[in-house]
Amino acid sequence: MYPRSFHYHRASSLDEAVTMLGQLGESAKVLAGGQSLIPLLKLRFANPEHLVDLNFIPATSYIRAEEAALHFGALRFGAMTRHAEIERSAMARTIPLLHDCAAGIADVQVRNRGTIGGSLAEADPSGDWANALITLDTTVHCLGSGGARSLSLQDFITDAYTTALAPNELVTEVEVKIPPKGSGGAYVAFKRSAPVYPSASAAVQLTMSGEVCQEAAIALGCVGLTAIRATAAETALRGKILSGDGSDKTITAAAEAARAAADPQPDMRGSAEYKRELVVALVKRAIQIAIRRARGEQVEGAHLYA
Ligand SMILES: Cc1cc2nc3c(=O)[nH]c(=O)nc-3n(C[C@H](O)[C@H](O)[C@H](O)COP(=O)(O)OP(=O)(O)OC[C@H]3O[C@@H](n4cnc5c(N)ncnc54)[C@H](O)[C@@H]3O)c2cc1C
């Protein structure tokens, strides 16, 4: 189906885009990679009267490292940075979970167009970025008619398909703090095929001191209205010795706690019970990869396909 007709506006700066949105009112939407918005327009689930295109604004697609005296620095991603640019970035690979996430999103076509800012603004419960980034210290920088503001990712996504963005406000940058030394993470999703969203996903970020887990963050995707922090699973790991092998009872206990935290709905991707089983397997696998990466091993953590 063709979308309903709309007026097309090309912004040449972020400030101009904000001004346009203010003038055009709530019948306007911004266009980033179009990988969520264009299908919605074609299905006529979204019928904006105006589209404000961000694609021609200079210097909105970048990956920068920031040094810092008091912490380990941060990586900054311009909102229009494509998934594929992050997949290819050596800088993004310094936080391996970011590479896992970017490299597994859909197929090459979608990764070449879709943006990190658009993905967070869409807040799709099945989207990969929100689930992966919530295990890291992530800040979303925004610009609106009232000026710039910064929100933690936890405060930015408020519900399924819902964010704290005001109607005329943009995501401008995503900032991810670099985890401390001795950290390792992994993002593993299970998919029926490459070009579809995952059936379930698990993000794990650990900080180890030798074999002892000092800090743990575990998030579950596609099994709730937003990414779910599996706090009981995190508690099951903190302060414990983790061998990382398949028979590690602590890892099994954490995966079972993650199962209990999941709140999946049955759909074409599987029953609720099936998704809970997936969660257990994905969390175990992600913890095992995270431990090996925390030890300094190079481990390719690919998504799993049916
Ligand atoms: C076939 C297919 C498979 C896919 N599979 C996956 C998958 O497996 N995992 C996954 O995570 N994603 C998947 N996606 C979605 C893809 O990752 C999109 O890139 C992402 O959801 C939206 O990013 P975008 O840049 O395309 O945004 P757009 O589609 O352009 O915009 C999405 C929404 O965000 C708003 N928006 C965009 N940018 C901003 C901004 N800077 N500030 C404020 N609002 C903004 C738009 O107005 C719109 O409402 C898939 C898409 C397709 C078509």
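Visitor: Which element supplies the largest share of the lining of the largest pocket?

Guide: A pocket is an open set of points on a 1 Å grid where a 1.4 Å probe fits, with protein on both sides within 12 Å along at least five of seven lines; lining residues have an atom within 4 Å of a point. Here α7 gives the largest share, five residues. Helices (H or I, at least four residues) and strands (E, at least two) are DSSP runs, numbered from the N terminus. The model is predicted: local features need pLDDT of at least 70 and side-chain atom pairs 80 or more, while totals for chains, interfaces and linings use all residues. Residues are numbered from 1 along each chain, and side-chain values use heavy atoms, without hydrogens or water.

Visitor: Which residues lie nearest the centre of the largest pocket?

Guide: Of 49 lining residues, Ser 36, Leu 37, Gly 118, Ala 121 and Glu 122 lie nearest the centre. Besides α7 (116–122), at least two lining residues each come from β2 (28–31), α2 (37–42), β9 (162–163) and β10 (170–177).

Visitor: In what order do the five strands of the open sheet stand?

Guide: Strands pair if DSSP finds at least two bridges between them. The order is β14-β13-β12-β11-β15, with mixed pairing. Because β14 (228–229) and β15 (304–305) stand at the edges with a single partner strand each, one side of each lacks a neighbour in the sheet.

Visitor: How many bridges join β13 to β14?

Guide: Two bridges join β13 (residues 212–221) to β14, and these strands run antiparallel. Ala 219 faces Arg 229 of β14.
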